Amino acid sequence: MSVLTRDEALSRARLLDVHRYTIELDLTTGDETFGSRTAIRFTARTDGDTFVEIKPADLHTVTLDGQPIDPDSLDGNRIALKDLAAGEHELHVDARMRYSRTGEGMHRFTDPSDGETYLYTQLFMDDVQRVFAAFDQPDLKAVFDLTVKAPEAWTVLANGVTEHLGDGQWRAATTPLISTYLVAVAAGPWHSVRTEHRGLPFGLHCRRSLAPYLDADADDLLDITRACFDRYHEKFEEPYPFDSYDQAFVPEFNAGAMENPGLVTFRDEFVYRSAVTDTERQTRAMVIAHEMAHMWFGDLVTLRWWDDIWLNESFAEYMGYQTLTEATRFTDTWTDFGVVRKAWGYDADQRPSTHPVAPEDVPDTASALLNFDGISYAKGASALRQLVAWLGEKDFLAGINTHFARHRFANATLADFIDSLAAGTDRDVHAWADAWLRTTGVDTLTPVVTGANGEHHLTVDRTGSRPHRIAVGLYDLDLPGDEGRLTRRAPLELDIPQSAPVPLGKRPTLLLLNDGDLTYAKIRFDAHSFQGVTAHLCGLPDPLTRAVVWNALRDAVRDGELAPGAYLDAARAHLPHETDLALVQGVLAFATAQVAGRYLTPEDRPAALTTLSALCRDLIRRTEDGDHPGLRLIAVRHFINVAAQPDTIAAWLADGTVPGGPELDPDLRWRVLARLAVLGATDESAIAAEFERDPSATGREGAARCRAALPDEDAKAKAWAAMFATDDLSNYLFTATAQGFWQPEQADLVRAYVPRYYEDAVAVAARRGPAIADAAGHWAFPAHAVDPDSLTLGETCLRDADPIPALRRKLTDQLDDLRRALKVRATHGTV
């Protein structure tokens, strides 16, 4: 299959003006394939040659202006259209297409709970070609007319309002001008909750087996949707540009969600079957806000080429968090952003695969797909947040509205965006964009405090080149006996680079750069402030301030400047007093997966797990009064994850509850069983019994994860064969199996699989494509194997085995993390 190059897209855009697609899909032809007929009306501006893309199971007929084109002329995914004359044309393509089991194209899923089947499209980047023929690039927008034949009991959803014509025939309203990758269809016996808001139909949809859980959350979901919708209409002068707003929660979805205009698709784990924390509900709400922002930035105004994907994602990321904070009960969203998303950006930006937020060279679609990472999302959103701090929100929104007015239902570039922002301000936005969007890496800011006798001054050393506007937090210890609380002086604002040292007066107990987290940079502490952090971190009054501190400690560990054990000591001392759920979750996740799992040696791991178990026990004891159910749930989950002995959690499973609560819901039961499998304290019969108890899609994944985790040679061989020897596993079942396979406690048992991984991962990625390549590179990678031999194997694979781009990128990142872990161990004497 040929990937589309930027040069080819430019040439085709100069030649063609695409007007209308008329698409007929037949979803009644069997379990493996479906029928697809496409008519495309377009104009050639001059005489010339071009091509249309399709990836069929069988190509039946192709006609151009009534003249047949030989179906055997299909070259990979391209049908050549030669000797086009200037003027109007109509292309007809009739094909049989394959259903997907990997979340790409038209994904087909049969629910093990009730046997019902559901279909949905994910057409991003170049997967529209798996569903219908298209001139597949974002700047050839067109209107779409869609009809679908489906089983009689099904409902069909699409970008516009759909109408059931009888006999299983459905017709969707004609779309406005949209890009090919934004077309969406979802078909099946959906359970739906419908309402209206501001004269538009709104809908929520999920599998029937999830109906009780969607109904329980429908009011909350619709309240969030309406609040964000109304807030965007206060911010944006352009009204919502489509005829309806449906949100479909679909199975085995590869992303968090997809911004198809009028029909946003979400992974259906967001329909909660088990207890969740308020932070997890906040995450779901943020995804709702993020995807809705795309209706304007991404769908109404679309990038011209994939080098500007950050314009879509960074904007939606920033706007999602900010709008949620302004319009809903979730007022601390930037703390979660700082803990989870920003760390993702920092990590990605320090790897060999880093790239500018706005890269200048994205030569083809395969390269573009690699840029959907922490840089395009989290770093870009951080840059926009810094821009708003520097520009002012009024001028920022004025520029955004200018951009919408100039490019509605069209395409735009970074230059267009910057010009729109510059139109409403005297600031040099172009220079800002060059400094922030065209550069790579993370700046590091280090305070230097000089002076004595209450007359201290601050200068900030900067490693990097970007300008920063930050707040500096100056914190003093309250009177002795006040449990170590820190009080903040009046805020100090600072532009970096500085023009002169800043007077501080009395030296504070803690001086914190980037207090409020308004810029994107790693921060360090002066020695005096580090003492204040280690003694009084939990005494900082604001959770966002504490998030900045925890991120700084995390970065120092990853950079080899802070011993992993010191991070565990800080967690043990301060986390039992923490009240913010995002912080507790983030610190425990890093301490478990990275510190105990990679940065410490296998010999040091048991002591680390003991420390983490004790920490979780403290949190469980602290929440016995029932006033902090979210905190208790996090503590219980992590206690299970780090259990070194099976007795306590096995008793929980047998009793069906944690003493004092919570009762073990399906998520907790599968979590306990998976840990028992790792510890060799359960068997296949117990796993089968649990799946009989919970015969859901989630249960099926839980069973696969547990079976792969059993410390048994036969179980490991079966799991490996399922992942790499056959192509039967869906994307989710592949991931679940991979999650269970590698366990630090089982290093000796799986040692022989480490060298096998590279050859087998390269082969399965080549056969099954980017989605499985991503899962193989992420979840199936032997991350526990922190040793030079594993690094050599990986480097040899990258040099000699020619993995497809999606796997190459994942392996590049994994090997960089491995080098970092080896460096940390060497620096702190644990190798």
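**Chatting through a predicted model**

Q: Okay, back to arginine 207: where is it found, and is it buried or exposed?
A: Arginine 207 is in the loop between strand S16 (200–206) and helix H2 (211–235). Helices (H or I, at least four residues) and strands (E, at least two) are DSSP runs, numbered from the N terminus. Arginine 207 is buried, because its relative accessible area is 5% (buried is under 20%, exposed over 50%, partly exposed in between, with a 1.4 Å probe and protein chains only).

Q: New topic! Which residues have a positive phi although they are not glycine?
A: Aspartate 83 is one of them, with a phi of about 55°, and asparagine 514 is another, at about 60°. Most residues other than glycine have a negative phi.

Q: Where do aspartate 83 and asparagine 514 lie?
A: Aspartate 83 lies in strand S6 (residues 78–84), while asparagine 514 lies in the loop between strand S28 (510–513) and strand S29 (522–523).

Q: And are aspartate 83 and asparagine 514 buried or exposed?
A: Aspartate 83 has 68% relative accessibility, so it counts as exposed. Asparagine 514 has a relative accessible area of 1%, so it is buried.

Q: Which peptide bonds are cis?
A: The bond from isoleucine 496 to proline 497 is cis, with omega near 5°. Another cis bond joins glycine 661 and proline 662, with omega about 5°.

Q: Where do proline 497 and proline 662 sit?
A: Proline 497 lies in the loop between strand S26 (492–496) and strand S27 (502–505). Proline 662 is in the loop between helix H17 (647–655) and helix H18 (666–678).

Q: Let's do helices. How do H5 and H14 cross?
A: The axes of helix H5 (residues 333–349) and helix H14 (residues 581–599) come within 9 Å and cross at roughly 5° (axes are lines fitted to C-alpha atoms over the stretch in contact, with angles from 0 to 180 degrees between N-to-C directions). That makes H5 roughly parallel to H14 (under 35 degrees is roughly parallel, over 145 roughly antiparallel, 65 to 115 roughly perpendicular, the rest oblique). Thr335, Asp336 and Val339 of H5 make the contact with Ala582, Leu583 and Gly586 of H14.

Q: What about H5 and H7?
A: H5 and helix H7 (residues 375–391) pack at about 120° with their axes 8 Å apart, and are therefore oblique to each other. Among the residues that meet are Trp334 and Phe337 in H5 and Ile375 and Tyr377 in H7.

Q: Last one: which way do the residues of strand S14 point?
A: In S14 (residues 185–188), Val185 and Ala187 point one way and Ala186 and Gly188 the other, and all are buried.

Q: Which strands pair with S14?
A: Strand S9 (residues 117–122) runs antiparallel to S14, joined by two bridges (pairing needs at least two DSSP bridges), and leucine 119 stands opposite alanine 187 in S14. Strand S11 (residues 155–158) pairs with S14 in the antiparallel sense over four bridges, with threonine 155 partnering glycine 188 in S14.

Methods:
Residues are numbered from 1 along each chain as its sequence is written. This is a predicted model: local features need pLDDT of at least 70, side-chain atom pairs count only at pLDDT 80 or more; totals for chains, interfaces and linings use all residues. Side-chain values use heavy atoms; hydrogens and water are left out. Contact means heavy atoms within 4.5 Å.
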